[in-house]
Each structure stands twice: as C-alpha cells, then as structure tokens.
Amino acid sequence: MIAIGAGLAVGLAGIGSGLGEKDAAAAAIGAITEDPSVFGRALIFVVLPETIVIFGLVIAIMAFFVL
Amino acid sequence: MFGRKGNYAYAAARVKAKKAHLLGEEDYSKMLMMTPQEISRYISEAGYAKEMADLANRESGLNLLERATYANMANIFGSILLASTGDLRDMVSAYLTKWDNWNLKVILRGKSYGLDADGIREDLVPAGSLGAESLDKLISMESEEDILAAFSKMTHSAIPQEVVSAYKAKSNLAEIEDFLDRRYYEHLLDVIRPVDRPSFIFRDYVSKEIDVRNFETILKLKLDGVRGEQAMKYIIPGGKQIDAKAAAQLAATETVAEAVAEASQMGFYEDIKDAIDPQAASIRKVVSGMKRYEMMQSKKFSHLYPLSVIPVLDYMIHKENEVNNIRTVARGAESGLDREVIKGLLVI
C-alpha cells in the first residue's frame, strides 16, 4: 500500500505539473519567437510548475522512510 | 480535449508581444509635427523597416508609406493566421475574410475607373486567404465577370447569379459590395460558436460592429437623400441594438441630426453625441466617434480572458487602427491640413 501511495503521489503530481506547464511553455515559446532576449525569464516561468512534482516526491520519500 | 481546440496560449503570447510595439498617443503627437518624409523615417524605426526597404525601389514619398503600412499589416495578420490552430484559426481566418472582400472591391473599383495594375495594387491588402499572386491573377483579368468567377473559385464561396446580374444591369458596385459585407458578417457569426464566455464576447463585438456599420450606412444614405424602405435593403442583419425595427425607425428620420437623436438609447451614442454638427453635411466626426466606440469596446474586454481569441482580436483591431492613423497623419501632413484637424481624425 505504501508503494502504491508513493507512486500515486509522484504520478499525480507529475500529471498536474504537466498540465500546468503545457500553457506556460506554449506561451513562452510564443514570447521567445517574438523576442529571443526573453529566453531566460521565459524558461523560469515554464519550470515553475515543475516544483509541484518535488512536493509529490517528498511525500513519496516520506511514505517510504518515515511512515 | 486535444481535438479542434486552438493554441490560445502560444498565439496570445505572440500578439501580446506584438501589441507592446504598437504606436502610442505620444508617437502620434510627435508625428503630427513631422513632414511625410520624417513620418516615413519614424515608422521605419517603429517596426515598418522591412516593408519600407522592400518597396523603396518601386515607390517613394506618400505612396511608399501607404503601401508599406498595408504590406506590414498584411504580413503580420498572415503570421498570426499561420501561428493559429484549431478553432482559433477558424475564427481568425473568418475575421480576415474581410480583407479578401476589401481586395475584390478595390480591384472592381479600380477596373471600373480604368486604373492600371499598379494603381490598383496600391490599395490592396493581401491579409486574407488570397495572397499577392492570386490578387495579381485577378488584376490581370479583363472582364468583371471573370474576376468574380475567379474570386468565387479561389475563396470557395460563390457569388449568386442574381447579385452579378443586378450589378451588370445597374453597373452599380454597391450591389456586390453590399452582398460581400452581408456574407462576411453572416459567416463570421456562424464561425464563432458561442461555447464559452470569450466566444460570447467576440460575437457581441461583431454584433456591435454590425450596428456601427448599419448606423454609418443609414447616415450616409441620408446624406444622399435615401430614406425609409429604400435604405432598409442595405442593412446588415445580426446587429446587437439596431435590429430590423430600430433600423426602420432610424431610416425613416429626415436628417442626420434626427437619426443621431433617435440613436440616443444606443451604446455608441455617448461617443457620437458631441460629434454631430447640425450645420455641416459631413458625418466624418460621427464616423470617427463610432470608430472610437469600437476601439473602446475592444479595450474593455482585452484583458479579461488571456487564453482565448480575445487578445488576438484585440491586437488585430489595434493594428488596423494604427495603420489607419499613420496613413491619416501622413496624408494630412502631405495636404497641409491643420494639426488639430488631423488630430480630430485620429482614433487613439
């Protein structure tokens, strides 16, 4: 059960961040097409939703080693 | 989920980046103090450099500026269409059909006035589905019937025989132009499926645009002495406030001032009430007031739904307005008009 819970924590967080990143990345590519100088800033906004996966990963690790 | 849905995030980001480069009020104030040559140089530095350079070996002076601004608008609208997918592309494409109609009207008018190919090309805006090559093909045709047949084939939209016959019988381009405008708005309203709030807003905007067109038509016809039932056949259906009943009431009024007073309950009245000059037979100020009303409508909703067709529509309206403003300032400066008069013609 712990393994399933850990898998769900990482998997669902991954799906969530993927959905979040979809529009952010599309908008970033649009902005970079118009003005390549915003590449660095656009990249930061694209990877922001990625942090959600880290929360999922932390929960998964806690499930394995703390519970 | 992934079917016909458009790439709103990508397209909206691109048009927002483009919108940041549009000319502002202070730019127009500077341009009002310039000569046409200085205006050309100024806009070259404001995003029109490529088109100005491309056309510089064929045109000069005001002609260069006018063609370059239209070419720039056509290139940008073309790039927006290329960058759009799914239902967003359908809506943008339907919206840009107006430039196909515009080009057909320019070609037919040019032919009827006996203009040469270059003279006709000056006013073409290849921003719709027909590119420069297709338009050249149409220009090279001799008879109006051939042009209309080829246009129908190229745009996959037939022009009914009775419209062509009425045009031939009266030699009146208004028959064709009226038909094209009606069909454009009918098609546009068909394509914008009211499935969500942004599409409702887009439809609403188009309906208000129809109102503005109809009111403009009624006023222009009034100046020509056309009233009542005769004026009603030029009314485009689908307006928001000017439905058949309201249009009949407006058409029945005797003078322009009466028509404006009759329109006092309508949304655009606030923007035109000060513009009406009972002494002058001109409706120029009223038309500018209505354009300002249209711009205000688009400004109102431009920030509401970032991931929708709204930012794209808003940008296209503003870009078209910018091009019209630049041309107005340049033409005014060329003909030595007073700065205040030119300023009054601008829609900012």
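1. In this predicted model, helix α3 (residues 36-55) of chain B packs with α17(B) at an angle of about 155°, the two axes being 9 Å apart. Because angles over 145 degrees count as roughly antiparallel, α3(B) is roughly antiparallel to α17(B). On the side of α3(B), the contact is made by Pro36(B), Ile39(B) and Ile43(B), while α17(B) brings Ile326(B), Val329(B), Ala330(B), Ala333(B) and Glu334(B). By class, the residues of this contact of α3(B) with α17(B) comprise seven nonpolar, no polar and one charged.

2. Helix α17(B) has a further partner in helix α11 (residues 197-223) of chain B, and here the axes come within 9 Å and cross at roughly 30°. The contact of α11(B) with α17(B) divides into seven nonpolar residues, no polar and no charged.

3. Which residues touch the most other members of the largest nonpolar core? Of the 89 residues in that core, they are Ala11(B), Phe202(B), Val312(B) and Leu313(B). Helix α17 (residues 309-334) of chain B gives the most to this core, contributing eleven residues.

4. Leu313(B), which is found in helix α17 of chain B, deserves a separate look. Is Leu313(B) buried or exposed? There are 23 other C-beta atoms within 10 Å of Leu313(B), and since 20 or more make a residue buried, Leu313(B) is buried. Leaving aside residues up to four places away in sequence, Leu313(B) touches Tyr95(B), Phe202(B), Tyr205(B) and Ser298(B). The C-alpha atoms of Leu313(B) and Met91(B) are separated by 9.3 Å, although these residues are 222 residues apart along the chain.

5. The region around helix α9 (residues 161-170) of chain B gives another picture, for the number buried among its ten residues is one, so this helix lies largely in the open. Just after α9(B), Ser171(B) takes a positive phi of about 50°. In the loop between α8 (144-155) and α9 of chain B lies His156(B), whose phi is near 55°, again a positive value in a residue other than glycine. Most residues other than glycine have a negative phi, and I would therefore ask readers to look at both places themselves. His156(B) has 7 other C-beta atoms within 10 Å, and because 12 or fewer make a residue exposed, His156(B) is exposed.

6. Turning to chain A, the axes of helix α1 (residues 2-34) and helix α3 (residues 51-65) of chain A come within 8 Å and cross at roughly 175°, and α1(A) and α3(A) are therefore roughly antiparallel to each other. The residues of α1(A) that meet α3(A) include Ile2(A), Gly5(A), Ala6(A), Ala9(A) and Val10(A), and among those they meet in α3(A) are Ile52(A), Val53(A), Phe55(A) and Gly56(A). The residues of this contact of α1(A) with α3(A) divide into 14 nonpolar, six polar and no charged.

7. Ile29(A) lies in helix α1 of chain A and, with 16 C-beta neighbours inside 10 Å, counts as partly exposed. The C-alpha atoms of Ile29(A) and Glu50(A), which are 21 residues apart along the chain, are separated by 17 Å.

8. Where the chains meet, ten residues of chain B are in contact with nine residues of chain A. The side of chain B that touches chain A has seven nonpolar, one polar and two charged residues. For the complex, the predictor gives an ipTM of 0.84 and a pTM of 0.86.

9. As to confidence within chain B, the mean pLDDT is 86, and 95% of the residues of chain B reach 70 or more. Where in chain B is confidence lowest, and where highest? Confidence is lowest in helix α15 (residues 269-272) of chain B, at a mean of 70, and highest in helix α1 (residues 8-19) of chain B, at 94.

Technical notes
Residues are numbered from 1 along each chain as its sequence is written. Chains are lettered from A and ligands numbered from 1 in the order in which they are written. This is a predicted model: local features need pLDDT of at least 70, side-chain atom pairs count only at pLDDT 80 or more; totals for chains, interfaces and linings use all residues. Two residues are in contact if their C-beta atoms, placed from the backbone, lie within 7 Å. Ala, Val, Leu, Ile, Met, Phe, Trp, Tyr, Cys and Pro count as nonpolar, Asp, Glu, Lys and Arg as charged, and the others, Gly among them, as polar. pLDDT is the predictor's confidence in each residue, from 0 to 100. Helices (H or I, at least four residues) and strands (E, at least two) are DSSP runs, numbered from the N terminus. A nonpolar core is a set of buried Ala, Val, Leu, Ile, Met, Phe, Trp, Tyr and Cys residues joined through C-beta atoms within 7 Å. Axes are lines fitted to C-alpha atoms, for helices over the stretch in contact, and angles run from 0 to 180 degrees between N-to-C directions. Angles under 35 degrees count as roughly parallel, over 145 as roughly antiparallel, 65 to 115 as roughly perpendicular and the rest as oblique.
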